[in-house]
Amino acid sequence: MKSRFTEGRNILTLVLLAAFVWSLTTIPWGEDLIHAGGGQAFVQFVTAALTPELSPTFLQRALLASWQTLAYATASMTLAIAIGFPLGVVASGVLARRAGARLTSIYGVRLILAFLRSIHELVWAWLFVVAFGLSPMAGILALAIPYGGILGRVYAEVLQDVPQAPLHALRVAGASEWKVFLYGRFPMALPDLLSYGFYRWECSIRSAAILSFVGIPGLGYLIQVSLIDLKYSQVWTLLAFMVAIIVLVESWSNLVRRRLAA
Amino acid sequence: MNRQAALSQSAALPKPRIGFGGISLILFMSLAAASWDFILSDKDSGFASFFRVETWAGAGAFLTRFLGVNGAEPPAYLRRERWADMVGPAYETLAMSLLAASMVGIGVLVTFMPAARNVAMGELSASHSFSSRILFFLIRSVYIFVRGVPELVWAMLIIFFLSPGILPGAVALGLHNFGIVGKLSAEVVENLDPRPARALRAAGASQLQMLAYAILPMALPGFLTYLLYRWEVIIRTTIVVGFVGAGGLGREFRLSMSWFQYTDVALLLAVYLFLVIFVDLCSAWMRKLAR
Amino acid sequence: MFMLQEVTKRYPQGVALAPLSLAINAGEQVAIAGPSGSGKTTLLHLIGGVIQPDAGDISIDGRSLSRLRSGRELARLVGVIHQQHDLVPHLAVIHNVLAGRLGEWGLMKSLLSLVFPQERDAALRALNQVGLPDKLYQRTSQLSGGEQQRVAIARVLMQAPQAILADEPVASLDPARAEDLVRLLTQLALSTGRTLVSSLHSIELARTYFQRIVGLRNGELQFDLPAAAVTVSMLERLYDLQGLRDEVEVY
């Protein structure tokens, strides 16, 4: 018996399976898939986990690097909000009264936002470093730009998805679109805006750690240095710091978001 | 209660809630102030150089070299053979992303149900058995650790023992996202309506049968949606992972940068953007099918 | 078949069931009536072994309910239909119906059936009995509320328990569908000789289709009589319609 409901779902299953199998064929299967010497180095690396570097001087360096990572992430977030929020407001089209202006504002700005967030922050970082030299501003901009793009897109949707009844009441009372926004839309959207903002901040810390591979001070830079020097114990300490700081921020962010959603 | 009052009540503005969110916001802002202060006050932060003319002149020079104006030869993005050269790396990059997404999919399908609180120790479990609690904490810890380490770091570690190619990149991306999609999918299970599952148990189903007949079908759409969203993020991260040796467009990117062939970089970024748009469209189409 | 002796259930909010004794014989069809919050659902859940009483004893066929160790044993004795949300909406109807057999199937067979449905003919027969033979492969969420309830009945038929418990099975349906469903349920129970205990908020349906009505109010047994012997004044007292009428007049 022909089954009707299987159309959409089974196509999807087939497509997924096909994609998986195809991707497997592109791997150069063979003996040199695995490094000969690499096996040894890997074992050394894993066993070094049992003896992480705990000397006070190194711990101090790790702590400083953690603070640097945190500072860069936070500074970038403030810039990202400064970019993303205004762009998000325009991209939501909530301030434009006439349909024509609304369409151009929505689609035009959304295109810009899509472009900003399609490029990974590391790529932005590499480009900025080549353009501006190895300055922290390069790193901050490299993080703020894509994050601004992401924030803008999500903020646009949050601002659009606000309940309409209170807004209508304000309009009926004679308020202009700006006043409707300030007294109605914005306060109602605020919990979700804050919630997503905190989530992005948490992501920015991870990104800032990676950005420091490019040379900006932070945990990533130290990890790279220690890896090149083959000082695996140090790498494990730094990884622990990285995971710890991310878990801390994630917990705080989760707490805030749960309270905001309540 | 008269009708007018009732109407206006439903349209009334909710009171803006401060409280914990507000305190956190204030904390965040003070952190932000401290951060900026730290960065700007650092003598060689380079912030001052940002306002010097030379910096912007240098940036301008880079931009012209990037776009290939006044160049000795025509820029790479206008030459057909350079586009043809990019097909191979683009193919590899797409394959890398699919491989990573497949690893995430399989890994999560196997682990996400025991990682849900209600399945492991709550209303949907057969009994509060010790082993299911341990399994829960184990899987959740793996998720946390694996996603706490950024993809780039995973790639650098994996390059150790896997020869450069798309496999190390795929494994790095797959590992990291396995933690993310795993956690999100477990949360999907935790938010499920328990009643169909409970009805199945009342009809005599065992724990595993209940998982297969109720939990898995109900959680599958949410899981697929998260997986496809992460695929969009994965394709954007392949260029980064390729940079440390994993192959694909990222490797080409590093090569071109180190040879100062900036118009090639422009071409690469254009190809990369096409890939990203392509994946975004595929993901959106597949997500619609998943509903 | 069912024997409840001095069964009590307390909740933090208050007493749900005061000491209650009830005996139901095999093959009987009993309706439980009463206003909301009177303890109908609690009583059904106690009979069905979903919850345990705080005091008193419940036994099925002479065996105490609390002694039954396995869910599978209980499933052979009792099948439950709820008001809603019994079925897995994402699955095809055939899988939901076959799920009634999960208590008898091993894990391998259950998993195989998701791809290649086992015992298809039995499922088709069950669906025929509830009047939905053509919905075999449709996604359950695409069916209407009344059709989904009939699929739930089909599942219970596959489960083939000795007794069927129904908790407000027609509360979400319009009156015409509700009557169709109650007629179907009672006919099936009668024709297969199964015990049927159902809570209903519609008194007309209870009186028309059930042999015996048990009235609950505030967790207490108000009456336990053959359907024909239940008078209007008993029902008024049960639902406190007199008091309600007074309230309406004041308003």
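**Inside the sheet of chain C**

Modeller: Let's start with one pair: L165(C) stands opposite V197(C), a residue in strand 8 of chain C. Bear in mind that this is a predicted model. L165(C) belongs to strand 7 of chain C, and that's the part I'd zoom in on.

I164(C), for instance, is the bridge partner of G79(C).

Now zoom out. These strands belong to an open sheet of 6 strands in chain C, ordered 6-7-8-3-9-10, with mixed pairing. Strand 6 (78-81) and strand 10 (220-226) of chain C stand at the edges with a single partner strand each, so one side of each has no neighbour in the sheet. From one strand to the next, the twist averages 15 degrees.

Further along that order come strand 3 (residues 29-33) and strand 9 (residues 212-217) of chain C, a parallel pair joined by 4 bridges. There, A33(C) stands opposite G215(C) of strand 9 of chain C. Helix 9 of chain C (residues 232-239) packs on the sheet around here, touching strand 3, strand 9 and strand 10 of chain C, and its direction makes about 35 degrees with that of strand 9 of chain C.

Chain B is another story: it has 12 helices and 0 strands. It has 291 residues, of which 43% count as buried. If you take its contacts with a separation of 6 or more, 72% of them come from residues 24 or more positions apart.

Where chain B meets chain A, the contact takes 56 residues from chain B and 59 residues from chain A. Several helices of chain B each supply at least two residues of that side, among them helix 2 (20-41), helix 4 (80-111) and helix 10 (207-246). Helix 2 of chain B gives the largest share, 10 residues. By class, the side of chain B that touches chain A divides into 39 nonpolar, 14 polar and 3 charged residues.

Last stop, chain A, for a helix pair. Helix 3 of chain A (residues 56-92) and helix 10 of chain A (residues 232-261) have axes that come within 10 Å and cross at roughly 40 degrees. That angle makes helix 3 of chain A oblique to helix 10 of chain A, and the crossing is right-handed. On the helix 3 side of this meeting are F58(A), A62(A), S66(A) and L70(A); on the helix 10 side are Q234(A), T237(A), L238(A), F241(A) and I245(A). The contact of these two helices of chain A has 6 nonpolar, 3 polar and no charged residues.

Note on methods
Residues numbered from 1 in each chain as written. Chains lettered and ligands numbered in written order. Predicted model: local features only at pLDDT ≥ 70, side-chain atom pairs only at ≥ 80, totals over all residues. Contact = placed C-beta atoms within 7 Å. Nonpolar A, V, L, I, M, F, W, Y, C, P; charged D, E, K, R; others polar. Pairing = 2+ DSSP bridges. Axes fitted to C-alpha atoms, helices over the stretch in contact; angles between N-to-C directions. Buried ≥ 20, exposed ≤ 12 C-beta atoms within 10 Å, placed from the backbone. Parallel < 35°, antiparallel > 145°, perpendicular 65-115°, else oblique. Left-handed = near helix turned anticlockwise from the far one by under 90°.
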